[in-house]
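Trainee: Hi! Could you walk me through this one?
Mentor: Happy to, have a look first.
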Amino acid sequence: MPKKTEAEMTWKDIEVGCIVTEPGNAAQYKTGAWRSQRPTYTFSRCIKCGICQMYCPEGCITQNKEGFFEANLDYCKGCGICAKECPTRVINMVEEEE
Amino acid sequence: MAKRKGIEVSIALSDAVKLTNADVIAAYPITPQTHIVEHLAELVANGELDAAFIPVESEHSAMSACLGSSATGARTFTATAGQGLELMHEVLYVASSMRLPIVMAVANRALSGPLSVWGDHSDVMAVRDTGWIQIFVENGQEAIDHTICAFRIAEDNRVLLPVMVHLDGFHLTHMIEPVTLPEEEDVSRFLPPNRYPLPLDPVKPVAMGDFAPPVIYTEAKWAQEINLRNSKSIILEVWREFEKAFGRKYLPVEHYRSEDAKTLIMTMGSFSETASLAVDSLRQKGESVGQIKLRLWRPFPFKELRDAVKNADTLVILDRALSYGGPGGPVCTEIRAALYNEAKKPKIVSFVGGMGGRDISVAGFEQIITQGMEIARKGSPNEYEIFGVRE
Ligand code: SF4
Ligand code: SF4
């Protein structure tokens with residue numbers, strides 16, 4: 001049976017005590033929706049050290065095809081920690097448009 | 001054969017917990033519950049009960065430790081009273097929504113202020129809506145029996161809800177009464193091992209106590225509510241099984257000489273026995289009086305209550321707690337609501353008394369009942385009557 005999303009679940013589908021029995025379902029929440037700033041990149045300065053990835057509290061930074069480290073904006077909360085920690089100032093935080 | 005002996009009710013209740021072979025007890029001492037946890041600590045220290053006793057720094061921690069322990073599938077017990085129950089308050093909701101079968105004895109105590117260590121039901125009423133199964137007991141034997149039943153009810157996989165056993169502080173906890181402690185092997189036969197379906201287990205990890213956004217919160221709460229309501233049939237089943245095994249019968253609404261009575265007095269807890277004596281006395285004087293006692297407070301026994309009062313003209317209810325600025329005693333208010341749409345229902349008179357450890361004697365109950373009958377005839381300007389206050 002394909003797994004129901006939360007919006008499809010009825011009260012009968014809920015596990016006893018709302019226990020979550022499968023890992024990873026938090027990925028369903030697009031927690032980046034309420035971000036007020038987002039990271040932008042000048043990859044020409046990037047030395048691919050991965051420090052931004054280590055520091056990101058959301059674990060949302062992965063390497064793209066070219067090997068540059070980039071945030072998944074579905075989950076990035078715009079905290080700016082990556083920009084602060086990047087040794088070569090690749091990352092610049094900009095305001096989200098209204 | 002189990003022997004009858006005279007013993008303090010708190011000690012008897014702890015011995016009952018020992019008979020259930022509880023795995024974890026996390027508790028903080030507070031009057032008038034102290035003897036219960038003291039005795040349990042002793043039993044554990046002496047090696048008579050193979051359990052972990054967690055001496056926590058507060059009741060909030062006690063209940064939090066109980067959550068963790070119960071979540072591993074351990075049989076978990078705690079006890080508290082009054083302010084301690086209030087300090088646990090927010091965690092009580094978590095226990096019921098996480099469906100953890102914790103059993104807790106509450107030595108009912110008045111809430112401060114003014115500071116009072118003595119008994120009434122203000123602590124019970126403040127936790128009415130926490131989602132726990134709640135049972136009132138009236139004497140030492142019931143304290144033992146319902147502690148044992150509480151584990152079987154709570155841990156039944158069709159229920160999985162925490163249970164409070166309410167016993168009146170001092171009036172019951174500190175009485176020495178003749179009781180029969182069941183034999184250990186009989187309790188083991190009656191009470192199967194705790195089998196929590198999804199315990200914390202490194203081999204099969206689960207996440208507990210997660211958050212629920214608006215899209216799922218209502219469904220989660222409804223699942224919990226349906227479960228609590230449905231638990232009633234299992235509670236009754238467990239009490240029937242208990243009767244078969246131990247010969248003592250318990251009902252959600254207990255009766256005393258009520259079948260043909262025109263006037264009923266309704267009570268909860270240890271004052272019930274005194275009220276029964278008042279019923280006897282008024283019967284002797286030719287009054288048509290009987291008594292009902294509320295044993296099961298949550299889930300509320302609507303059907304049994306309606307059946308119990310349908311032939312009476314007057315129902316006098318004694319609450320031992322106030323709802324400040326409200327319509328009367330909290331129990332009375334619920335019973336009024338439960339009967340409002342019934343075609344045939346008695347007149348209801350609300351009394352509040354016995355607060356903060358104040359005794360009500362047999363003569364006092366006679367006065368409550370006769371005054372109640374008069375109010376039913378003539379009416380009263382008051383939402384409720386306060387009993388025994390000095391004007
Ligand atoms: S702004 Fe914060 S959340 Fe977004 S990628 Fe950078 S460190 Fe991660
Ligand atoms: S910290 Fe800066 S330089 Fe290092 S990988 Fe991230 S963006 Fe590139």
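Mentor: Let's start with a term: buried means under 20% relative accessible area, exposed over 50%, and partly exposed in between (1.4 Å probe, protein chains only).
Trainee: OK, how many of the 98 residues of chain A count as buried?
Mentor: In chain A, 31% of the 98 residues are buried. Keep in mind that this is a predicted model, where local features need pLDDT of at least 70, side-chain atom pairs count only at pLDDT 80 or more, and totals for chains, interfaces and linings use all residues. Residues are numbered from 1 along each chain as its sequence is written.
Trainee: Which pattern does chain A follow along the sequence?
Mentor: Chain A reads β-α-β-β-α-β, with helices (H or I, at least four residues) and strands (E, at least two) taken as DSSP runs, numbered from the N terminus.
Trainee: And why is chain A called more spread out than a compact globule?
Mentor: Its radius of gyration is 17 Å, well over the 13 Å from the globule rule for 98 residues, so chain A is more spread out than a compact globule. That radius is taken over C-alpha atoms, and the rule is 2.2 Å times the number of residues to the power 0.38.
Trainee: What box do the C-alpha atoms fill?
Mentor: Roughly 55 × 30 × 20 Å for chain A, along the principal axes.
Trainee: New topic: which residues touch the most other members in the largest nonpolar core?
Mentor: B:Phe77, B:Ile133, B:Ile153 and B:Trp239, out of 53 residues. Such a core is a set of buried Ala, Val, Leu, Ile, Met, Phe, Trp, Tyr and Cys residues joined through side-chain atoms within 4.5 Å.
Trainee: What does the second core include?
Mentor: That separate core has 27 residues, among them A:Val16 and B:Leu85.

How values were computed:
Chains lettered and ligands numbered in written order. Heavy atoms only, no water.
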